[in-house]
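This report covers aromatic contacts and pockets in one protein model.

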Amino acid sequence: QTYNSLIDVWSRSGEKGAAAQRAEDIVIGMQDAYSSGEKDVQPDLESFRLVLKAWSQAHGEEYAPHRGQRLLEWMVNLHQSGQNDLVEPDSDCFNSVLNSWANSNHKDAPRKAENMIMYMDKLYTNGNVDAKPNRDNFNYVLKAWSKSENLIDAATRAEDILNFMMFLSKQEGEDDLTPNITTYSSVIS
């Protein structure tokens, strides 16, 4: 709890990349201590969520989306390898990374965000029910496409994603994928 409070303070500090780096250093130290036998400092899902939030708020830092994605992948590895059973990522964790990609000016951001959705679906298919892609996740992908410099591909891809969401919501009964105003606004943009 104390460490999570400290991470939260750093994530809210407004110091962008420096804050995110400090928050990540804390969670790495917690995991190292836990792996060395200090059971009372085991980082949990909230510990990692706070660090991912800090990276997603590090707007303007070119490396922020990469760092958030790397941290998320480490979470998956820690959980799947049995090194930390409390850090199985949920859609909120993915939203932080997707938000970071959507707000970046990285030329591959739309593709990176799409790959993240596929990664979520793979985890969901393999048993992580909390990683199931939802409307918010897809909306971040659409936001990334709406900011793309490749306008022809962006428009086509955004329409394809919208059609896929509509198909899943109608044909497959996936109500949490029903497009909303944010969805349509991103496609129009």
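Which element gives the most to the lining of the second largest pocket? That is α6, with 3 residues. The model is a predicted one.

## Second largest pocket

The second largest pocket holds about 280 Å³ of space. Its lining comprises 17 residues, and those closest to the centre are His106, Lys107, Pro110, Ser148 and Glu149. Two or more lining residues come from each of α5 (91–103), α6 and α7.

By class, the lining of the second largest pocket divides into 6 nonpolar, 5 polar and 6 charged residues.

## Largest pocket

About 350 Å³ of space lies in the largest pocket. Of the 17 residues lining it, Ile117, Pro133, Phe138, Phe164 and Leu168 lie nearest the centre. The elements giving two or more residues to this lining are α6 (109–125), α7 (135–146) and α8 (151–171).

The lining of the largest pocket has 10 nonpolar and 7 charged residues, with no polar ones.

## Aromatic contacts

There are 4 aromatic pairs in the structure. One of them joins tryptophan 55 and tyrosine 63, with ring centres 5.8 Å apart. The planes of these two rings stand at 80°, and an angle over 60 degrees counts as edge-to-face, so the pair is edge-to-face. Tryptophan 55 is buried, at a relative accessible area of 1%, whereas tyrosine 63 is partly exposed, at 36%.

A charge also sits over a ring: lysine 39 lies over the face of tyrosine 34, at 4.9 Å from the ring centre.

Methods:
Residues numbered from 1 in each chain as written. Predicted model: local features only at pLDDT ≥ 70, side-chain atom pairs only at ≥ 80, totals over all residues. Heavy atoms only, no water. Phe/Tyr/Trp six-rings, centres within 6.5 Å; stacked < 30°, edge-to-face > 60°. Buried < 20%, exposed > 50% of the residue type's maximum accessible area, 1.4 Å probe, protein only. Lys NZ or Arg CZ within 6 Å of the ring centre and 35° of its normal. 1 Å grid on protein atoms, 1.4 Å probe; cavity = no way out; pocket = protein on both sides within 12 Å on 5 of 7 lines; lining within 4 Å. Points joined across faces, edges and corners; volume = space filled by probe spheres on them. Helix = DSSP H or I, 4+ residues; strand = E, 2+ residues; numbered from the N terminus. Nonpolar A, V, L, I, M, F, W, Y, C, P; charged D, E, K, R; others polar.
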